[in-house]
Amino acid sequence: MSSSVSVPRLVVAAPSSGSGKTTVATGLMAAFAARGLAVSPHKVGPDYIDPGYHALATGRVGRNLDAYLCGPELIGPLFAHGARGCDVAVVEGVMGMFDGAAGEGELASTAHVAKLLRAPVVLVVDASSQSRSVAALVHGFASWDPEVRVGGVILNKVASDRHEELLRDALDQAGVPVLGVLRRAPQVNTPSRHLGLVPVAERQSAAVEAVAAMAAQVERGCDLEALMSLARGAGALSCGEWEPPAVTVERRAVVAVAGGSAFTFSYAEHAELLTAAGAEVVPFDPLRDEQLPDGTSGLVIGGGFPEVYAAELSANEPLRKAVTALAESGAPVAAECAGLLYLCRELDGKPMCGVIDAAARMSERLTLGYRDAVAVGDSVLAPAGTRMRGHEFHRTVVEPAAGTAPAWGVRAPERRVEGFVQRGVHASYLHTHWASEPGVARRFVERCRTS
C-alpha cells in the first residue's frame with residue numbers, strides 16, 4: 001500500500017449553490033479527458049447524481065468524498081483509491097465552500113476536504129449581477145481560512161465583453177488570477193425535479209449532449225494549461241490507499257444489486273466491498289427484469305426514484321413476487337430509502353412487494369440532512385450498538401416510520417427510531433457509506449452464504 005499520493009488535483013468550489021460548480025467541474029473533467037488524460041472524478045458530500053455526470057465525462061466511476069459519513073481520516077485514502085493511475089483528479093465541491101454538516105463547524109465542507117487533500121481550489125463565481133463587487137467576494141473567500149489555497153477564479157454567466165473587462169479589472173486588485181470566463185449558455189442546463197438533477201440513467205442521450213456542451217464551454221472559456229499547472233502544484237499527499245478488506249472463499253455468494261432508472265443511487269465502494277467479502281455482484285433492473293439473477297442469495301436495493309416509476313414497478317408483478325419470496329426465505333436483504341419504499345405494501349397507492357407492512361407516499365416536505373445513528377438490534381448489516389453516520393434525502397413518508405424491531409436509533413438532530421428489521425431484511429431511509437464500517441459488507445455476505 002503506497003504511503004503518498006502525487007496525483008495532480010483541483011477542487012472546484014463556489015460561494016454558494018447554483019454558481020455553476022457542476023457545469024465547470026464536469027466540463028473540466030471532459031475537457032481534460034478529451035486531451036487524452038486519465039481523469040479521476042470526485043464529489044464532496046453524499047450526492048449520488050453529480051457523480052453520474054462525472055462518469056460520463058471521464059469514462060471512470062464517479063466517487064464521493066464525505067468526511068461526515070466516512071470520517072476525515074478516510075478522505076485521503078478513498079481519494080487515492082479512486083485516483084490510482086490517473087493523470088489528474090477533479091473534485092467537485094458541495095454547496096458554498098465553507099458550508100458543512102450543520103452544527104459541526106467545517107466538517108464535510110468543500111474547504112475541509114480541500115485541506116485534507118492539500119488541493120488548490122478554483123472558485124466558480126456567478127458574476128451575473130455584479131461587477132467590481134466580485135473582487136471583495138473573491139478576496140473574502142481567499143482570505144477567510146489561510147489553510148485553504150484559492151489558486152484561481154472562473155467567472156460564470158458573464159454577459160458581455162464589457163462585463164468581462166469590468167470583472168477582470170476588479171480582480172486584478174484581489175490577487176487571485178482569472179482562469180476562465182464562461183458566458184451564459186442555456187444549452188448546458190440540465191433538468192431538475194424534486195431531489196435535484198435528473199440522473200444520467202434516466203436521460204442517457206440528453207445527458208451525453210449536456211456533458212459535451214459543458215466540455216465545449218469550458219474548453220472555449222478556460223485556460224486549461226493554467227488549470228493543469230495549478231493541479232500539478234498540489235504536491236504529494238501523505239496517506240495510504242484505501243482497499244476493501246478481502247477474504248478467501250470457496251464459493252462466491254450471488255448478491256443481486258438493483259439498478260436501472262429507478263435505483264440509481266449507490267456508492268462505488270459498496271460493490272467493491274461486497275466483492276472483496278466473497279460476493280459475486282450481479283446487477284438487475286426492477287423495471288425490466290421479471291426474475292432475480294440466477295442463484296441469488298442476497299439482495300441490495302439502494303436509493304433512487306421509485307416514486308417516479310411506481311406504476312412500472314408495480315406492473316412487474318413477477319419480480320415483486322420473487323423479491324417477496326426471497327425475503328420470506330430469510331435471505332439477507334439490505335434496502336436504503338428507495339429500496340425501503342419498494343419493499344413496502346404500497347407506494348402512492350400502487351402495490352409494491354409487501355415485504356414490510358407499511359405504506360409509502362409522496363409528501364410536500366423535504367427531509368434532508370446528516371444523521372448520527374446506532375443499530376437498535378442485531379441485523380444482517382450490523383450487531384446491536386454499532387454506530388454509523390448516515391444521510392437522509394427524500395420527499396416521501398413511510399407509515400409507520402418504524403417496525404417493532406427498528407433498524408436505527410437516530411441520535412441527531414432529534415432522537416427517534418426508524419426503519420425495519422425482520423428476519424434477513426434491513427430496510428431504512430438512511431443512506432450509509434459502508435467504507436466507514438467494512439464489517440457491514442462482510443457480515444452481509446457471510447449471511448448470504450449461510451442463510
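Glu225 is partly exposed in the predicted model, with a relative accessible area of 48%. The side chain of Glu225 meets that of Arg35 in a salt bridge, with an N to O distance of 2.7 Å. This pair joins distant parts of the chain, the two residues being 190 residues apart. Glu225 belongs to helix α8 (residues 224–232), whereas Arg35 lies in the loop between α1 (21–34) and β3 (39–44). Arg35 is likewise partly exposed, at a relative accessible area of 42%.

The model contains 23 salt bridges in total, among them a contact between the side chains of Glu106 and Lys115 at 2.8 Å, N to O.

Glu164 pairs with Arg168, and their closest N and O atoms are 2.9 Å apart. Both residues are located in helix α6 (residues 161–172), where a spacing of four residues separates them by about one helical turn. An α-helix has 3.6 residues a turn, so residues three or four places apart point the same way. Glu164 has a relative accessibility of 18% and is therefore classed as buried, the cut-off being 20%. Arg168, by contrast, is partly exposed, with a relative accessible area of 32%. The pair is also part of a network of salt bridges that links Asp161, Glu164, Arg168 and Arg183.

Burial was also examined for helix α3. This helix spans residues 75–83, and nine of its nine residues are buried, so α3 is largely enclosed by the rest of the structure. The buried residues of α3 are Ile75, Gly76, Pro77, Leu78, Phe79, Ala80, His81, Gly82 and Ala83. Each of these residues therefore has a relative accessible area under 20%. Just after α3, Gly85 adopts a positive phi of about 75 degrees.

Terms used:
Residues are numbered from 1 along each chain as its sequence is written. This is a predicted model: local features need pLDDT of at least 70, side-chain atom pairs count only at pLDDT 80 or more; totals for chains, interfaces and linings use all residues. Side-chain values use heavy atoms; hydrogens and water are left out. A salt bridge is a side-chain nitrogen of Lys or Arg within 4 Å of a carboxyl oxygen of Asp or Glu. Buried means under 20% relative accessible area, exposed over 50%, partly exposed in between (1.4 Å probe, protein chains only).
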